[in-house]
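Biologist: I have some questions about the labels you put on a structure. Could you show it and take me through them?

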Amino acid sequence: MRGPLYPSSVPVSRSRSQRFDALVLEALEPIEQRWHAELTQLDVAVDEVPEISTTAPEKVTWDDDVVVDANVPLARLVPAGVDKRGLPTRARIVLYRRPLEARARDGTDMADLLHDVLVEQVATYLGLDPDVIEGQ
């Protein structure tokens, strides 16, 4: 017998990346509600892992727009600019799913970690202190 084990309407049928995307949206929601007007030109994206051009970890240096844990990037803020075809691009936060998953013990820990990373990246984007983004 072949076919899906669970109906597509049941949450357990979602893939790991789909569950991660849902957690990202949940973590972003309170930030988006508070800072909606300021974030209209910002996108949020998810990549599996960061692109790294060197294989020597001690040679890797990260800019201020990257959230790093133990020299492993968790997220990066890509500023608005122009792509290779000359078209304008919007600013975006890129979250790296696998490094983030490796640092979370469970779903609650992942939600907290995603929220913290998003707060830090939004603060960098807006040029504000993360406590201001949190509303503290």
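Modeller: Let's begin with the lining of the largest pocket, whose residues divide into 6 nonpolar, no polar and 4 charged. This is a predicted model, in which local features need pLDDT of at least 70 and side-chain atom pairs count only at pLDDT 80 or more, while totals for chains, interfaces and linings use all residues. Residues are numbered from 1 along each chain as its sequence is written, and side-chain values use heavy atoms, with hydrogens and water left out.

Biologist: What makes a lining residue nonpolar, polar or charged?

Modeller: Ala, Val, Leu, Ile, Met, Phe, Trp, Tyr, Cys and Pro count as nonpolar, Asp, Glu, Lys and Arg as charged, and the others, Gly among them, as polar. The lining consists of A45, D47, V49, P50, E51, R76, V78, R92, V94 and Y96.

Biologist: Which elements give two or more residues to that lining?

Modeller: They are β1 (42–47), β3 and β6. The largest share, 3 residues, comes from β6. Strands here are DSSP runs of E with at least two residues, numbered from the N terminus.

Biologist: What is called a pocket, and what volume does the largest pocket have?

Modeller: On a 1 Å grid over the protein atoms alone, a pocket is an open set of points with protein on both sides within 12 Å along at least five of seven lines, and lining residues have an atom within 4 Å of a point. Grid points are joined across faces, edges and corners, and the volume is the space filled by probe spheres set on the points. For the largest pocket that gives about 180 Å³.

Biologist: How do you know that β2 and β3 pair?

Modeller: Two strands pair if DSSP finds at least two bridges between them. Strand β2 (residues 66–69) and strand β3 (residues 72–78) are joined by 4 bridges and run antiparallel, so they meet that definition. D69 has V72 as its bridge partner. On β3 there is also an antiparallel link to strand β6 (residues 91–96), again with 4 bridges, and A75 stands opposite L95 there.

Notes:
On a 1 Å grid over the protein atoms alone, a cavity is a set of points where a 1.4 Å probe fits but cannot get out, and a pocket is an open set with protein on both sides within 12 Å along at least five of seven lines; lining residues have an atom within 4 Å of a point.
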